[in-house]
Amino acid sequence: MTPTSTPPSPRPFGRALCAMVTPFTGEGLLDLDGAQRLAERLVSEGCDGLVLSGTTGESPTTTDAEKSALVRAVAEAVGDRAAIVAGVGTADTRHTVELALAAEKAGADGLLVIAPYYSRPPQDAVEAHVRAVADASGLPLVLYDIPGRTGTRIEPETVLRLAGHPRIVAVKDCAYDLLGTQKVLARTDLAYYAGCDEYALALYAVGGAGYISTVANVVPAHLRAVLDAFDAGDTGGAARRQRRATALIESMTASGLPGAVTAKALLGALGLPAGPVRAPLRPAGHEATDGLLTEYERLTADA
């Protein structure tokens, strides 16, 4: 497709996005029916968008065919009620382009692209990688800056250069660099989504677009209410809601277990579609699951 000169929306996928888990059956197969039911719940409880096949979606252990099938199933379930952003990041530029084209064909509304991991390319190579994906597809692209997992930062200066591409419209920010983020916000129209739940309100307050949340798998309405309160001018109420979620956020994202593990453990305990994680991840134990459930119940009791 020919690049467009139309400026990007400041919130191209809405405000409240969930980094959705990928449900599996008890046998470890892709559970498309469960994915559709979970997607329906998330959208009905306030998610503007669903990010599939990201970190929380266990993308390293799903096949290309499963990723496409997941996009098709979720798109069928939610229709035009929510945006679907497909994670297509890999360590291989050619493979990433293939996944981007497959996601576009399957019905995704946008793409999520990380810096290539393991090989740790320099910044000019990271930039070339992202541009190759953006040039190949007609979909808007979200940069996913998560150096703690990839080993490579998408540096603010690199983001500034990439912001000139008409299809690079947003950033999922997991870099823990609020100063660098504000530098980019001040000089571009990129939509910045907090990818770390504890960071959501702070980023929103300085002009962020919203969040792409792991914790939203279990409390989508509570997290959306933080943004709603802020937009209504109730900044104190927004802060109180954010703080009330701190214990659950810590249990799900900073307890030493990956978010995919904690989200699936809690969803399973609540009787919602999730299923097991795939190796090398291991399920949460009973003690961890009980702790997650305790914090969930405390938060929702205060709602």
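**Chatting through a predicted protein model**

Q: Hi! How far apart are the mean positions of the positive and negative charges in this protein chain?
A: They are 2 Å apart, taking the 27 positive and 35 negative charges of the protein chain. Keep in mind that this is a predicted model.

Q: OK, predicted. What pLDDT does the chain average, then?
A: The average is 95, and 96% of the residues score at least 70.

Q: And where does pLDDT stay under 50?
A: That happens over residues 1–8, where the model has nine contacts beyond four places in sequence.

Q: Good to know. New topic: how many helices and strands are there?
A: The protein chain has 13 helices and eight strands. Its radius of gyration is 18 Å, close to the 19 Å from the globule rule for 303 residues, so the chain is as compact as a globular protein of that length.

Q: What does the C-alpha trace span along its principal axes?
A: About 50 × 45 × 35 Å.

Q: How much of the chain counts as buried?
A: Of the 303 residues, 54% do. As for the surface, the chain exposes about 12600 Å², with carbon and sulfur atoms supplying 53% of that area.

Q: What about contacts between residues at least 6 apart in sequence: what share joins residues at least 24 apart?
A: In this chain, 69% of those contacts do.

Q: Let's zoom in. Where is Thr62?
A: Thr62 sits in the loop between strand 2 (49–52) and helix 2.

Q: Is Thr62 buried or exposed?
A: Thr62 counts as buried, because its relative accessibility is 10% and the cut-off for buried is under 20%.

Q: Which residues does Thr62 touch, leaving out those up to four places away in sequence?
A: Thr22, Phe24, Gly57, Lys67 and Arg278.

Q: Now Arg81. Which loop is that one in?
A: Arg81 is in the loop that runs between helix 2 (64–78) and strand 3 (83–87).

Q: What is the relative accessible area of Arg81?
A: It is 43%, so Arg81 is partly exposed.

Q: And what does Arg81 touch, again not counting residues up to four places away in sequence?
A: Arg81 touches Glu40, Val43 and Asp48.

Q: Last one: how far apart are Arg81 and Cys47 in space?
A: From C-alpha to C-alpha, Arg81 and Cys47 are 9.3 Å apart, while in sequence they are 34 residues apart.

How values were computed
Residues are numbered from 1 along each chain as its sequence is written. This is a predicted model: local features need pLDDT of at least 70, side-chain atom pairs count only at pLDDT 80 or more; totals for chains, interfaces and linings use all residues. Side-chain values use heavy atoms; hydrogens and water are left out. Helices (H or I, at least four residues) and strands (E, at least two) are DSSP runs, numbered from the N terminus. The radius of gyration is taken over C-alpha atoms; the globule rule is 2.2 Å times the number of residues to the power 0.38. Buried means under 20% relative accessible area, exposed over 50%, partly exposed in between (1.4 Å probe, protein chains only). Contact means heavy atoms within 4.5 Å. Accessible areas come from the Shrake-Rupley method with a 1.4 Å probe; for residues, only the protein chains shown count as cover. Lys and Arg count as positive and Asp and Glu as negative; His and the chain ends are not counted. The place of a charge is taken as NZ of Lys, CZ of Arg, CG of Asp or CD of Glu. pLDDT is the predictor's confidence in each residue, from 0 to 100.
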